[in-house]
Amino acid sequence: MAKTAAKKNSAAKRRKSTAHGPSAALRLNSTRGSAAGRPPALKGRKKLPTSSNELKLIPIPLTDEIRPGDSLADMLLDSLRRLRLQPGDILVVKHKIVSKSEGRLVDLNTIQPSKESIAWAQQYALDARVIELAIRESRSVIRRKNGVLITETHHGFLCANSGVDVSNVDGGRTALLLPEDPDRSAAALRRELKKRTGLAIPVIITDSFGRPWREGLTEFAIGIAGMKPLRDDRGRRDPHGYKLKASVEAVADELACAAGLVCGKLNRAPACIVRGFRYDAGRGRVQDLLRPASTDLFR
């Protein structure tokens, strides 16, 4: 009886320890790279390359507001004084702190909306100045219905209001635009971090977009430097010998979503370190993630 009670207590402690987990970071066990949940490999067949068994997501909080001209590299490294960057790390940064540091701010009082924007805004209780700014920042308007304005930005992103945002800025007086060239912004931040740390780590800049036929927002990669945004497994064989024909994985978007889990919207943690993911190094560009109109079945 004593042995049985001891075993139960030990198991309970293990469950309690696992349930609480780390407080500063989120660890994700990947069945892709672990033995659990994976069929046994067939003899004589080449195994697919796998990611690490465990990913660690480490949020980077910032207490000070980012202002135009601020060095993101300095501010991020200052917040990481207790946690040094490591080879293989990936830095994921929300676009808002990038846009703020680059001065992509617009005083809404300077925007004179058109009659069309005013009529549309009044119909759905929207801010006509934001609508006008969204149209100015667009390459084309894809859909305008039920108070929702879907545009294609000059970058080629399909999103609501051209990514123009007034949240987490100054209470609604100022709108924030997307970075003018997010890939260039990611490359610049990567260079600055390399100067200060000696590590050439990939940088992903993200924003929250909606998706057709799905509720809710998720993070998307809008700028990339230092890694390939897609992993192409076409031509490889799965553990059962079947040759993959359509397996091109948007790993940059997946990493953006993973980082979003710990950054959140109200946590004042606009950046995150992803540790343990085996990425393909390369120049990388967000254009690789955008489907050209010639193969787009929905426009």
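A residue counts as buried when its relative accessible area is under 20%. Ile201 has a relative accessible area of 3%, so Ile201 is buried. This value, like the others below, comes from a predicted model.

Leaving aside residues up to four places away in sequence, Ile201 touches Leu85, Gln86, Asp89, Leu91, Arg190 and Leu193. Gly226 is 25 residues from Ile201 along the chain, and the C-alpha atoms of the two are separated by 6.7 Å.

The wider setting comes next. The protein has 299 residues, and 39% of them are buried. Its secondary structure comes to seven helices and 13 strands.

How are the two rings placed? Their geometry can be stated with one distance and one angle. The ring centres of Phe157 and Phe209 are 6.2 Å apart and the ring planes stand at 50°, so the pair is tilted. For this label, planes under 30 degrees apart would count as stacked and planes over 60 as edge-to-face. In total, the structure holds three aromatic pairs. Ring pairs join Phe157 and Phe209 with Phe220 in a cluster.

Helix α4 spans residues 115-124 and helix α5 spans residues 128-136. Their axes come within 8 Å and cross at roughly 130°. An angle is called roughly perpendicular from 65 to 115 degrees and roughly antiparallel over 145. The helices α4 and α5 are therefore oblique to each other. Their crossing is right-handed.

Which residues of α4 and α5 meet? On the α4 side they are Ser117, Ile118, Trp120 and Ala121. On the α5 side they are Ala128, Ile131, Glu132 and Ile135. By type, the residues of this contact divide into six nonpolar, one polar and one charged.

Key:
Residues are numbered from 1 along each chain as its sequence is written. This is a predicted model: local features need pLDDT of at least 70, side-chain atom pairs count only at pLDDT 80 or more; totals for chains, interfaces and linings use all residues. Side-chain values use heavy atoms; hydrogens and water are left out. Axes are lines fitted to C-alpha atoms, for helices over the stretch in contact, and angles run from 0 to 180 degrees between N-to-C directions. Helices (H or I, at least four residues) and strands (E, at least two) are DSSP runs, numbered from the N terminus. Angles under 35 degrees count as roughly parallel, over 145 as roughly antiparallel, 65 to 115 as roughly perpendicular and the rest as oblique. A crossing is left-handed if the near helix is turned anticlockwise from the far one by less than a right angle, and right-handed if clockwise. Contact means heavy atoms within 4.5 Å. Ala, Val, Leu, Ile, Met, Phe, Trp, Tyr, Cys and Pro count as nonpolar, Asp, Glu, Lys and Arg as charged, and the others, Gly among them, as polar. Rings of Phe, Tyr and Trp (its six-membered ring) pair if their centres lie within 6.5 Å; planes under 30 degrees apart count as stacked, over 60 as edge-to-face and the rest as tilted. Buried means under 20% relative accessible area, exposed over 50%, partly exposed in between (1.4 Å probe, protein chains only).
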